[in-house]
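Please keep the sequence and the 3D view open while reading.

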Amino acid sequence: MAVLNKIRQRSLFLILIIALALFSFVLTDLFRNSDALFGGSQDVVATVNGTNINRTDFMNRVEQMQNQLGPNSTSTQAMSRVYDQEVRKAIMASQFENLGLSVEQDQMKDLLKQSFSSYPELQNEAGVFDENKMTEFVNNLKALKGQSAPLGTFQINYQQWVTTENNIAIGAQERAYYAMVKAGVNATLGEAEVDYMLENATRDLNYVQVPFTSIADSLVNVSKADITKYINLHKGNYEVEATRDISFVEFKEVASVEDEDNLKSELSTLLNNKAEFNETTKNTDTIIGFRNTTDVENFVNSNSDISYNDAFLTKAQLPAIAADKIYNTEVGGIFGPYKDGEFFKLSKVVAETQLPDSVKVRHILVPFVGAQSALPTVTATIEDARALADSIKTVVTANPSKFPELVTEFSSDKGSVDKGGEYDFHPITQMVKPFSNFEFQNEVGDIDVVQTVFGFHIIEILDQKNKARAVKVATIARRVEPSEKTIDATFNEASKFELAIQKEAFQDAAKERSLTTKPVNGIKILDENIPGLGSQRAIVRWAFEDGTKVGNYKRFSIPSGGYAVVQVVKITKKGLMDAESASATVLTEIRNEKKAEMILKNITGTTVAEVAKNQSRASSKASAVNMKNPTLSGAGSEPKVVGAAFGLEEGGVSKPIVGNKGVYLVEVSKINEGAGLDNYQAIANRLSTTRTTAAQAKVYNALKETADIEDNRARFF
């Protein structure tokens, strides 16, 4: 009680202490994240030449991009695509501003007309693009407040329209910009003459080569200091991004032999009828089994992970692992359980027929709005298309000779129109299912209307070949999955490994438990996939966190089921490559430099013959050597050596030259000056074409390389 009284007496003091503690906690967090306090880059994905890319707008565009790319794309792929677009837009915008390039109102009207003239919504009664119609359409979009309206075959809202307008304007600015660039890179006649002479002026040479390989690597000592010095002298070649090297052990949740045996037993219990006590009626009911059921489709759909397939199959279409067994089973017979990939299956032959192995047909395709591959000009509804198809069928049934002319008039299948609608003999797998079902399961001469995702097909079967037995198979398939017992065992194994590496080295703990460690080197901060583990941004983010050090480890869930225990093995910071990492690349270069010094010290003599004798090397000849392709026969590409030779008079001898593969002495035996041309315009045109073709990509890459870009994407992805 005395303590409680003291607390009551000092309650105001305690409240102040608690308040100050909370305030200091908030301040600490704010100063730790000072960007939020002082308006820094918490909401900026990147800054390009002083222009911020806003996070909210960027995220909206990433979402739109992911929708465009489809379900197989990842958010990181979409993010990279949008980032590249936004960086390009910002870089080019600064160029447009510096040059005063803009798109004026009249030009914008012409650009919009070029882009949207074919859309019916923006045309008048005569089918001509109408600016007033476009203005009315845009005002309507604005009034819809975010909702979409149809434009051609797609839907568009006001914000998307504005984005499209902006993209059209930027496209026009880029075309104008690159037109100016290309105009400035055209080759002059003087440049054309130089290019011609580089190829046609030649030298005949005598030379001696003392190759670097004449000195054993073991005789050349390369120290860590040598490597560091070389890197510093060639910084541009050894700048690296921040990377992480990791090692991981994977613990997969994979079905055990016991799990597979249990699954086979479950499938086997479905075969026969069984008695089951009904708690409601207090009677024993008979549960019909797979062998005796009369409703095969419902039985399969109620007990299988794969729906019933009500189609006749040739032997080639059956599961390869069991094709012979199933194909030779009588109607009513059952094969299995058998394993097929990720499933255990029971297959029952429910019917048989005779099907050809290939069919020849002709058809007329009538599309409708929304059908796959339908052109924007298609306006028929599904009802209109069906009615037209039925009418065509009536005509060709009564008079098959009219088929070719109706193909030309009505069919939208460009792949067969020129052939009278014909598709020559093809297997059952070539066409979409409703089409192939009709052509393979009916008789020669049959004509009917068949609907597919492409529209309505009026099909006539022209011929069939090699009829053979086909079977309709009811298959109960159950996916092979790990049981709860197996999943728990995997979790326990991963947990035990985590405990072990608290005391043991990562590699030692793995080896002791017969686990495989897998290294992954050179992971970058925006990487998404880890080889062997798939999409794992969580691992990449953790590896680059400020608090993650070499030797740290962590367990992660993996998409395929299970865990990966990951350890950071190496941290490489952005900047110059360290000596250890660069050694594999630079050792040969440094050794060759040192070998060149050793060879130069040992060379005596001033002629090719004297040096050849002094160094116990044979002299060589090279004829018609030119500057455009500076190659010495017997030595390979040696631009420095060839360049030095072109600086000599006929009969002149060079000083020792350090080349790519050794040290050389060169004597010019003959100078062949190329015969000039009367006109170099053709060469100038060729050079201009080559330059202008490459100009756009090279100019943008140069602008990007010199741009001031601060990339903050790793904070958000």
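**Salt bridges, helix packing and backbone geometry**

The count of salt bridges comes to 32, where a salt bridge is a side-chain nitrogen of Lys or Arg within 4 Å of a carboxyl oxygen of Asp or Glu. This is a predicted model, in which local features need pLDDT of at least 70 and side-chain atom pairs count only at pLDDT 80 or more, while totals for chains, interfaces and linings use all residues. Residues are numbered from 1 along each chain as its sequence is written, and side-chain values use heavy atoms, with hydrogens and water left out.

One of the salt bridges joins the side chains of Lys485 and Glu258, at 3.3 Å from N to O. Lys485 belongs to helix α18 (residues 484-500) and Glu258 to helix α11 (residues 257-269), so the pair ties together parts that are 227 residues apart in sequence. Helices (H or I, at least four residues) and strands (E, at least two) are DSSP runs, numbered from the N terminus. Lys485 is exposed, with a relative accessible area of 58%, and Glu258 is partly exposed at 42%. Here buried means under 20% relative accessible area, exposed over 50%, and partly exposed in between, for a 1.4 Å probe and protein chains only.

Lys345 and Asp340 form a salt bridge at 2.8 Å, N to O; Lys345 is buried, with a relative accessible area of 11%. Glu512 and Arg513 meet in a salt bridge at 4.0 Å, N to O. Of these two, Glu512 is exposed at 55% and Arg513 is partly exposed at 33%. A network of salt bridges links Asp195, Glu199, Lys628 and Arg686.

In helix α15 (residues 403-410), the residues Phe403, Leu406 and Val407 are buried. They cover an arc of only 110° around the axis, which puts them on the same side of α15; the arc is that of the directions from the helix axis to the C-beta atoms. Thr408 and Glu409 are exposed residues on the face of α15 turned away from its buried side. The buried residues of α15 pack against β13 (358-366), α14 (382-398), α16 (414-417) and β16 (455-465), with contact meaning heavy atoms within 4.5 Å.

How do the axes of α8 and α24 cross? The axes of helix α8 (residues 158-184) and helix α24 (residues 681-706) come within 10 Å and cross at roughly 115°. That makes α8 roughly perpendicular to α24, a label given to angles of 65 to 115 degrees. Axes are lines fitted to C-alpha atoms, for helices over the stretch in contact, and angles run from 0 to 180 degrees between N-to-C directions. The contact involves Tyr177, Tyr178, Val181 and Lys182 of α8, and Thr692, Ala695, Gln696, Val699, Tyr700 and Leu703 of α24.

Most residues other than glycine have a negative phi, and most peptide bonds are trans. A cis peptide bond joins Gly336 and Pro337, with omega about 5°, and Pro337 is in strand β11 (residues 334-340). Lys145 has a positive phi, near 50°; this residue lies in the loop between α7 (131-143) and β3 (149-151) and is exposed at 75%. Phi of Ser616 is also positive, near 55°. Ser616 sits in the loop between α22 (608-614) and β24 (619-626) and is exposed at 63% relative accessibility.

Notes. Angles under 35 degrees count as roughly parallel, over 145 as roughly antiparallel, 65 to 115 as roughly perpendicular and the rest as oblique.
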